[in-house]
Amino acid sequence: KERVNYVNALLTAEARGVDVIESINKTADKHQNLIKLNICSAEKIFTVSGTVFDKTEIRILEIDGYKFDLTPTPFMLVAKNEDKPGMIGQIGTLLGASKVNIATMHVSRAEDSAMMFMTVDSNVNKATLDLFSGLEGIIKAALVRL
């Protein structure tokens, strides 16, 4: 696996057929070092934004319009779900029964849906991820590994 860093990021993207368009907005926002990615395909646009504090503290601030303030970790679960009572409880119960410890959980709402972003202490196996994805009210779920 090739590691992407500040030096090779642009060349790595171009080698993979990714068009990179960089723009700088000097208007000071709440976060002076805000980085926003718009990943475009024929079907949709995926957005994610984040920032870095003190050159070492990385934060994810937004995913597809859902607002967060979270520190990424090696293992994270993200789920888009219906915004209804019981969702957090279902997920906590399932992950607990599967011996997956939730380190942090962040929930954001938009209209009639919500997104949960959980940092977990260990990898999540496919069987547990399939059960998680199949919970009533889960629209989409994924494991993110860094």
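Okay, let's start with the open sheet that has four strands in the order E6-E7-E5-E8, with antiparallel pairing. Strands here are DSSP runs of E with at least two residues, helices are runs of H or I with at least four, and both are numbered from the N terminus. Two strands pair if DSSP finds at least two bridges between them. In general, strands of a sheet pair through backbone hydrogen bonds, either parallel or antiparallel.

At the edges we have strand E6 (102–110) and strand E8 (138–145), each with a single partner strand, so one side of each has no neighbour in the sheet. On average, neighbouring strands of this sheet are turned by 15° against each other, direction ignored. For angles, axes are lines fitted to C-alpha atoms, for helices over the stretch in contact, and values run from 0 to 180 degrees between N-to-C directions.

Before I go on: this is a predicted model, where local features need pLDDT of at least 70 and side-chain atom pairs count only at pLDDT 80 or more, while totals for chains, interfaces and linings use all residues. Residues are numbered from 1 along each chain as its sequence is written, and side-chain values use heavy atoms, with hydrogens and water left out.

Back to the sheet. Strand E5 (residues 75–82) and strand E7 (residues 113–120) run antiparallel and are joined by 7 bridges. One spot to look at is Leu77, which stands opposite Met118 in E7. Helix H3 packs on this sheet, touching E5, E7 and E8, and its direction makes about 150° with that of E8. Contact, by the way, means heavy atoms within 4.5 Å.

So what does H3 (residues 126–133) pack against among the helices? Helix H2 (residues 87–97), at an angle of about 165° and with the axes 10 Å apart. That makes the two roughly antiparallel, a label for angles over 145 degrees; under 35 is roughly parallel, 65 to 115 roughly perpendicular, and the rest oblique. Ile91, Leu94 and Leu95 of H2 make the contact with Thr128, Leu131 and Phe132 of H3.

Now the other sheet. It's open too, with 4 strands in the order E1-E2-E3-E4 and antiparallel pairing. Here strand E1 (35–40) and strand E4 (66–70) are at the edges with a single partner strand each, so one side of each is left without a neighbour in the sheet. Neighbouring strands of this sheet are turned by 20° against each other on average, direction ignored. E1 runs antiparallel to strand E2 (residues 45–53), with 6 bridges joining them. Cys40, for instance, has Ile45 in E2 as its bridge partner.

Which residue forms a salt bridge with Lys44? That's Asp64, with the closest N and O atoms 3.1 Å apart. A salt bridge here is a side-chain nitrogen of Lys or Arg within 4 Å of a carboxyl oxygen of Asp or Glu. Asp64 is in the loop between strand E3 (57–63) and E4, and Lys44 is in the loop between E1 and E2, so the pair ties together parts that are 20 residues apart in sequence. The whole structure has 7 salt bridges.

Last, the overview: the chain has 3 helices and 8 strands. From the N terminus, the elements go α-β-β-β-β-β-α-β-β-α-β.
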